Amino acid sequence: MNNRKTILIIGFAIFASYFGAGNLILPPQLGFNSGPDWWLVTFGFIASAIVIPLLALFGHARLQGTMLDFGNKVSPLFSLVYCLCVYIIAITLPIPRTAAVTHEMAIQPFFNTPSLLTSTIYFGIAFIFIMKRDKILSILGKFLTPLIVLILLAIIGVGLFTSPESINPSVLDSPAIIAGLLEGYQTYDALGGVVIGGVVIISLNLEGGISFEDKKAIIAKSGLVAAIGLFMIYTGMIAVGALHNTEFDTSISRPELLTALSIKTLGNVGNVFLSVLIALACFTTATSVIVGTADFFKGLFKNSQKAYTITAVISCLLGVFVGQFDVSYIIVVALPALMFIYPITIILILLNVIPQKYASSTVFKGVALVTFI
């Protein structure tokens, strides 16, 4: 096995898995609203949308088990309930959101078709990919991610060098760093870190013949590759949103702003590029998270392939149903669930990456209890 090639492919796959197009609509609006404080909101956004997910992968590299291992030191029952909450949230909110974003931004501008048709075709194709479990990382890392990155770098590059000289002041209601931190919750990347890390572990196990230490190095280095990519894209999109905030009405929505920026930077062809980008980015996230969820239930039911298939079917059906709602509505509905599950996820990630002598079972239980309250 060529470890360097494997690291790049897995790193690109992780990047694409985190970087759903639902996440792509967040940074430009954050920069747009923060104005000259865009660099401050970037710090907060990076903390919750990049650093914490990266640490989740480091935790997986150390444990090399399932997501259940993240909370087992609190108690097996706590860990099971926590995992069920994460997976239920994942397949009922962010995954359907990818279909809603795809319809609003990639299909609706060109075709007058109902969202039900979009989400049905979308999750039908996703199901085919999900059932090709052994090839999922290779497909994402080799083929889909490079296209996503090229289109985004084109938008960011042109946007940075063609911006007006003036910037409107910040209209944020909270300190810039806090606003960025909380907006980072909406990326679901911390939850994605614990879910996608499990996908990577199982994929490496399917390869066979890789030692514990080699897997540890591959996961950690792949995570760094993904984190560098996310940093470049998220920071670039926040900056472009801020630098062009004098050119659009303050009431512009997230999807409208992203569309407007793509047209502003790449012309009319930018809308076509953006549509391709949205479809690819959404699809990679949806397939990765559903695979992670199906893997979990497969393991929970003694490596049952039937459990994997049933979970995939239920996830896709939920995606079709919830994907009928507007993107803005799904984001609003998700906020209470995220405000509850995110802090617990963050402390479990941190406790699993600090030296083990500081993370006894008693420490896990005490910190988890305080965070829960």
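This is a predicted model: local features need pLDDT of at least 70, side-chain atom pairs count only at pLDDT 80 or more; totals for chains, interfaces and linings use all residues.
**View 1. Helix H4 crosses helix H15.** Here you can follow H4, residues 38–63, as it meets H15, residues 327–353. The two axes come within 8 Å and cross at roughly 50°. That angle makes H4 oblique to H15. The handedness of this crossing is left-handed.

**View 2. Side by side at the contact of H4 with H15.** From H4, look for Ser48, Ile52, Leu55, Ala56, Phe58, Gly59, Arg62 and Leu63. Their partners in H15 are Tyr342, Ile346, Ile349, Leu350, Asn352 and Val353. Sorted by class, the residues of this contact are ten nonpolar, three polar and one charged.

**View 3. Helix H10 packs against helix H15.** H10 spans residues 189–207, and its axis lies 9 Å from that of H15. The angle between H10 and H15 is about 50°, and the pair is therefore oblique. As H10 passes H15, the crossing is left-handed.

**View 4. The residues that join H10 and H15.** H10 contributes Asp189, Ala190, Leu191 and Val194. On the H15 side you will find Leu338, Ile341, Tyr342, Thr345 and Ile349. This contact has seven nonpolar residues, one polar and one charged.

**View 5. Tyr342 and Ile349 of H15 in both contacts.** Tyr342 and Ile349 are among the H15 residues that meet H4. Tyr342 and Ile349 also take part in the contact of H15 with H10.

Terms used. Residues are numbered from 1 along each chain as its sequence is written. Side-chain values use heavy atoms; hydrogens and water are left out. Axes are lines fitted to C-alpha atoms, for helices over the stretch in contact, and angles run from 0 to 180 degrees between N-to-C directions. Helices (H or I, at least four residues) and strands (E, at least two) are DSSP runs, numbered from the N terminus. Angles under 35 degrees count as roughly parallel, over 145 as roughly antiparallel, 65 to 115 as roughly perpendicular and the rest as oblique. A crossing is left-handed if the near helix is turned anticlockwise from the far one by less than a right angle, and right-handed if clockwise. Contact means heavy atoms within 4.5 Å. Ala, Val, Leu, Ile, Met, Phe, Trp, Tyr, Cys and Pro count as nonpolar, Asp, Glu, Lys and Arg as charged, and the others, Gly among them, as polar.
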